[in-house]
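Welcome to my notebook. I open the structure first, then jot down what I looked up.

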Amino acid sequence: MAVAADLVRAEAARALQLLLASRVLRDEVPVSRMKVPMRTVVDRAMQMTLAERRLRATEVHVLVDGVRDAAVRGDEELLASALAGLLMATVSLVGEKGGPTTLTASVKDGRATFAVAQ
């Protein structure tokens, strides 16, 4: 039963991300440019991908270097959705044989960076 629930959650999350992207592209939703803590973006992306990561038995290491108080300017939902998509695309492309996936958020020289590697 838990697998079926995760499957439904994963498909619903993916559908919601696609719907949001299409609405943004058609200028149907306003895109905010607020300050968003980097840690919040990472946490939301991890939450959005939780069901699919459980289904795939994917291990994700999260590294946040010097981002305790760091923020980026943008739309929180769109940033989290983009990061979640990048995370799951990396897992899908490389597969389980690539080992654990690493999601890194860092700030260097005033520049914020999100990276996904496997």
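How many residues does α1 have, and how far does α1 reach from its first C-alpha to its last? I find 24 residues and a reach of 35 Å, close to the 34 Å expected at 1.5 Å a residue. The expected span is 1.5 Å times one less than the number of residues. I take helices (DSSP runs of H or I, at least four residues) and strands (runs of E, at least two) as numbered from the N terminus.

A note on ground rules: this is a predicted model, where local features need pLDDT of at least 70, side-chain atom pairs count only at pLDDT 80 or more, and totals for chains, interfaces and linings use all residues. Residues are numbered from 1 along each chain as its sequence is written, and side-chain values use heavy atoms, with hydrogens and water left out.

**Entry: helix α1**

I note Ala-5 as partly exposed because its relative accessible area is 27%. From Ala-5 to Ala-15 I count ten residues in sequence and 15 Å in space, C-alpha to C-alpha. After α1 comes Asp-27, with a positive phi near 55°.

**Entry: helix α4**

Does the span of α4 agree or disagree with what its 19 residues should give? It agrees, because 1.5 Å a residue predicts 27 Å and the end C-alpha atoms are 27 Å apart.

The buried residues of α4 are Ala-80, Ser-81, Leu-83, Ala-84, Leu-87, Met-88, Thr-90 and Val-91. Among the elements that cover them are α1, α2, α3, β2 (60–65), β4 (101–108) and β5 (111–117). I picked out Ser-81, which counts as buried because its relative accessibility is 13%. Leaving out residues up to four places away in sequence, Ser-81 touches Gln-17 and Met-48, where contact means heavy atoms within 4.5 Å.

**Entry: the pockets**

I define a pocket on a 1 Å grid over the protein atoms alone, as an open set of points where a 1.4 Å probe fits, with protein on both sides within 12 Å along at least five of seven lines; lining residues have an atom within 4 Å of a point.

The largest pocket has a volume of about 230 Å³. Of its 15 lining residues, Arg-9, Ala-13, Leu-16, Gln-47 and Met-48 are the closest to its centre. Helices α1 (2–25), α2 (38–48), α3 (50–56) and α4 (76–94) each supply at least two residues of this lining, and α1 gives the most, with six.

Which element gives the most to the lining of the second largest pocket? That is α4, with five residues. The volume of this second largest pocket is about 160 Å³, and its lining includes Ala-10, Gln-17, Met-48, Ala-84 and Met-88.

Notes: Grid points are joined across faces, edges and corners, and a volume is the space filled by probe spheres set on the points. Buried means under 20% relative accessible area, exposed over 50%, partly exposed in between (1.4 Å probe, protein chains only).
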